[in-house]
Amino acid sequence: MKKIHIGLLPRIIIAILLGIAVGHFFPASLVRIFVTFNGIFSEFLNFSIPLIILGLVTVAIADIGKGAGKMLLVTALIAYGATLFSGFLSYFTGATLFPSLIEPGRPLEEISEAQGILPFFSISIPPLMNVMTSLILAFTLGLGLATLHSDSLKNAARDFQEIIVRMISAVILPLLPLYIFGIFLNMTHSGQVFSILMVFIKIIGVIFVLHVFLLIFQYCIAALFVQRNPFKLLTRMLPAYFTALGTQSSAATIPVTLEQTKKNGVSADIAGFVIPLCATIHLSGSTLKIVACALALMIMQGMPFDFSLFSGFIFMLGITMIAAPGVPGGAIMASLGILQSMLGFDESAQALMIALYIAMDSFGTACNVTGDGAIALIIDKIMGKEKK
């Protein structure tokens, strides 16, 4: 018999619905079982975060740094600039709209304490290093590997990266639905789930509108360079957009994105360079989602969300996004470290961030890959002028 495969998004949705459904009648003793699991899993997650940063960021920086040529530098700068723009667009929009849409409540960590739901036991798994140490070490190793002529240490770094990617795809992501089930079970049992769900609905609506605006803006900028109709350019990229909706993977959508970019008039050489590179380093849609979700959860908990705090977070997030692995939910896993260290997110807030992000993962990926076509148009125009 053929094995039925259920994707990560459906499993997350099922976990949320089940947690809400059974939370109304589960006895406290059963809730404690899942609270115990969540405590252990969150410890493992905290242990893994510095390793995820070290394993992914090191190789990402080494791969970008070893590339030669002005085209690489220009593409990287434009992609990073586009990512920063989406982050600040998300922050200013959220800071304007969310306070009137979201009612501040109690911190998420107080939900279980209010009802006395404590784990049966706890296990402490201290991380090997803190997040900032891991980031600095990853930058140092990545830049150093980019200049080395020997491949032995680079191969070791790639092997470590492969271990981390397998840990994410084989351990963390499969257990996430159970973890999120426990979070929503506890919130339902504590009577807090309705306010959380209302926040989810409002955030998703705002982010979807922002995604549409961002794509139109990106193609309007590209149209200024190539002197063509931005809506025709964007319409021609819709096959890539809808392919990404189905695959939830920038890498899997590269062949379609490449073909549609060529149909927009980009030369084959430029498209063949820019599209695969931007599939890794350009994550405007993902950054937009993470900033909006983080801002909404901070408002909900009554935490400060001033511009100086978020500006540093957005600049660091743009760099961290480069290291996001090519699996569904990979971007949010790569960003957990700075969510924890820079915004002060605890395990409950991280779990909600993961659930919110994955609920919109396909739309963020579609925004990323469609925006790659706009960057390719700009690069094609810049490099074409230089050749002349």
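Student: Which helix supplies the largest share of the nonpolar patch?
Tutor: Helix α7, residues 193–226, supplies the largest share, 5 residues. Helices are DSSP runs of H or I with at least four residues, and strands are runs of E with at least two, numbered from the N terminus. This is a predicted model, in which local features need pLDDT of at least 70 and side-chain atom pairs count only at pLDDT 80 or more, while totals for chains, interfaces and linings use all residues. Residues are numbered from 1 along each chain as its sequence is written, and side-chain values use heavy atoms, with hydrogens and water left out.

Student: Which residues form the patch?
Tutor: Phe85, Phe213, Phe217, Ile221, Leu224 and Phe225 form this surface patch, with about 520 Å² of accessible area together. Like charges are joined within 9 Å, and nonpolar side chains (Val, Leu, Ile, Met, Phe, Trp, Tyr) within 5 Å. Areas come from the Shrake-Rupley method with a 1.4 Å probe; for residues, only the protein chains shown count as cover.

Student: Why does phenylalanine 213 count as partly exposed?
Tutor: Because its relative accessibility is 43%; buried means under 20%, exposed over 50%, and partly exposed in between. Phenylalanine 213 lies in helix α7.

Student: Changing topic, how many helices and strands are there?
Tutor: The protein has 16 helices and 0 strands.

Student: And what percentage of the residues is buried?
Tutor: Of the 388 residues, 53% are buried. In helix α13, the buried residues include Phe310, Phe313 and Leu317.

Methods: Patch = residues over 30% accessible without salt bridge, like charges linked within 9 Å, V, L, I, M, F, W, Y side chains within 5 Å. Salt bridge = Lys/Arg side-chain N within 4 Å of Asp/Glu carboxyl O. Buried < 20%, exposed > 50% of the residue type's maximum accessible area, 1.4 Å probe, protein only.
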